[in-house]
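Open the model in your viewer and keep the selection tool at hand. The tour goes from a strand pair to its turn, then to charged side chains.

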Amino acid sequence: REWFQGVSRHWRPYVSSVYTRVARPRKDVLAVAVPVRDARQAVAGILVLQTPVENLFGWVETIGFGQDGLIAFIDPQGRTAFHSGPLIQEPAPKQPGNPGVAIVRDPAGEERLVRAYATVPGSGWSVLVQQPASTSSGLAARDQLLRQLLTSYGLILLLGTVAVVMVSKL
């Protein structure tokens with residue numbers, strides 16, 4: 001199993017990719033494997049917890065991402081383990097520690113979407129958050145700031161022009 005290979009590679013805790021367990025009921029699970037050490041710090045065994053994916057990520061539904069926002073968790077193999085809403089497209093794998101933010105178009109419509117993607121250090125797992133650009137508070141704040149700057153620069157240009165005209169009339 002992947003979890004055994006992962007935990008025994010460096011004898012550190014390991015979180016597996018999502019897989020369908022063999023035991024009934026057959027559910028998509030992920031395994032958390034932790035080495036158990038004896039008094040001399042030698043590995044005496046491995047403690048493994050298989051948890052159904054929907055139980056692990058159920059808390060996500062309590063987070064507000066806006067009406068059409070979503071969050072997705074991507075396992076180390078690049079497969080979507082959980083998502084809170086329909087993904088427009090599968091996320092492109094990123095290099096660890098290389099987060100990205102992009103504005104993409106919804107292929108089914110004309111709406112722009114803001115997507116933020118980051119890898120959880122040391123785990124291989126990634127998180128993607130997506131919401132329509134029209135409901136993004138970050139983009140709304142940026143747009144407000146740009147409007148203020150445009151207004152300020154417009155006033156400065158107008159005052160400068162008036163000053164030049166007045167000085168040229170003297």
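How many bridges join strand β3 to strand β4, and which way do the two strands run? Select residues 28-37 for β3 and residues 43-52 for β4. The two strands run antiparallel, with 9 bridges joining them. Keep in mind that this is a predicted model.

Within this pair, pick Val36 and look across to β4: Gly45 stands opposite.

Next, select the residues between the strands. The hairpin of β3 and β4 has 5 residues there.

Now show side chains and turn to the salt bridges. A search of the whole structure finds 2 of them.

For one, select Arg40 and Asp38, whose side chains meet in a salt bridge with an N to O distance of 3.5 Å. Arg40 is exposed, at a relative accessible area of 72%. Asp38 is partly exposed, at 26%.

For the other, move to Arg79 and Asp75. Their side chains meet in a salt bridge at 3.2 Å, again taken N to O. Is Asp75 buried or exposed? Asp75 has 2% relative accessibility and so counts as buried, the cut-off being under 20%.

As background to both stops, side chains of opposite charge can pair when their charged atoms come close.

Definitions and conventions
Residues numbered from 1 in each chain as written. Predicted model: local features only at pLDDT ≥ 70, side-chain atom pairs only at ≥ 80, totals over all residues. Heavy atoms only, no water. Salt bridge = Lys/Arg side-chain N within 4 Å of Asp/Glu carboxyl O. Buried < 20%, exposed > 50% of the residue type's maximum accessible area, 1.4 Å probe, protein only. Pairing = 2+ DSSP bridges. Helix = DSSP H or I, 4+ residues; strand = E, 2+ residues; numbered from the N terminus.
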